[in-house]
Amino acid sequence: MIRLYVGRHESRGQAMEKIWRFRHEQFVERLGWEALCRNDGLEIDQFDHDRALRLALFFEDTVVGYTRLLPTTEPHLLSDVYPQIMKGQAWPRSPEIFEWTRCIVAEGQILINGVSASHVLMTGVMEFCLVAGITSVIVETHPKLVQLLVSTGWNVTELGPPSLLNGVLIVPIQAKPSMSGLRKHHQLYSIQGSTLLLEPEVRNPLKPEATLHHLHYCEFMAKRDLQADRG
């Protein structure tokens, strides 16, 4: 299941250390992002602030997938690291629009209830956006991923033409989630029920006065599949 962590969560030191180490293993040791290398083996950057939202996919108490959502009303990668790819144009900013970054799954054939970990994580991002009220995400990514998002039900708008960034082709996009898109994820990947582990009374980071609840659709799917299993 995918767990939500808001801010740095120093009180959850053990879980957060697993997340920081997973990020270092994946982005520094595996992908070679040397600029992020640290002697302590933890990958933490300037955007890991109190309003950063982290979705960590755990399997048998081990982090096997991770992604991060950053509010566009505060400094984020597009605003502070590579705004040049927008060619001088503005990008969407709103309390309900987040930047989707640091999305990765561990190497190997990791299956969770028979479903690929990468499919669980990608479905979880869309589900969380719908649960929390995130209306869209901005992403700076390779055109191949843009096609993947379109094919899996995201409503995608290109914000600018592709650019070369450190020798890699990057295109800025805005992607909007929808219930029809979530249903498409469930159908494509044979996912049953919710991908999110929402603790009781967990607050909505966009609306602290409200709590997060699973979507009725996911609850319905889980009950339907349970009844089918019972025959």
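Biologist: Why is cysteine 129 called buried?

Modeller: Buried means under 20% relative accessible area, exposed over 50%, partly exposed in between (1.4 Å probe, protein chains only). Cysteine 129 has 1% relative accessibility, so cysteine 129 counts as buried. This is a predicted model, where local features need pLDDT of at least 70, side-chain atom pairs count only at pLDDT 80 or more, and totals for chains, interfaces and linings use all residues. Residues are numbered from 1 along each chain as its sequence is written, and side-chain values use heavy atoms, leaving out hydrogens and water.

Biologist: Why is cysteine 103 called partly exposed?

Modeller: Its relative accessibility is 34%, so cysteine 103 counts as partly exposed. Of the 231 residues of the chain, 50% count as buried.

Biologist: How many disulfides does the structure hold?

Modeller: The structure holds 0 disulfides. Cysteine 103 is in none; its nearest cysteine sulfur, that of cysteine 129, is 11 Å away. A disulfide here is a pair of cysteine sulfur atoms within 2.5 Å. The sulfur of cysteine 129 is 11 Å from the closest cysteine sulfur, in cysteine 103, and therefore too far for a bond.

Biologist: What radius of gyration would a compact globule with 231 residues have?

Modeller: Near 17 Å. The rule is 2.2 Å times the number of residues to the power 0.38, with the radius taken over C-alpha atoms. The chain has 17 Å, which agrees. Along its principal axes, the C-alpha trace spans about 55 × 40 × 40 Å.
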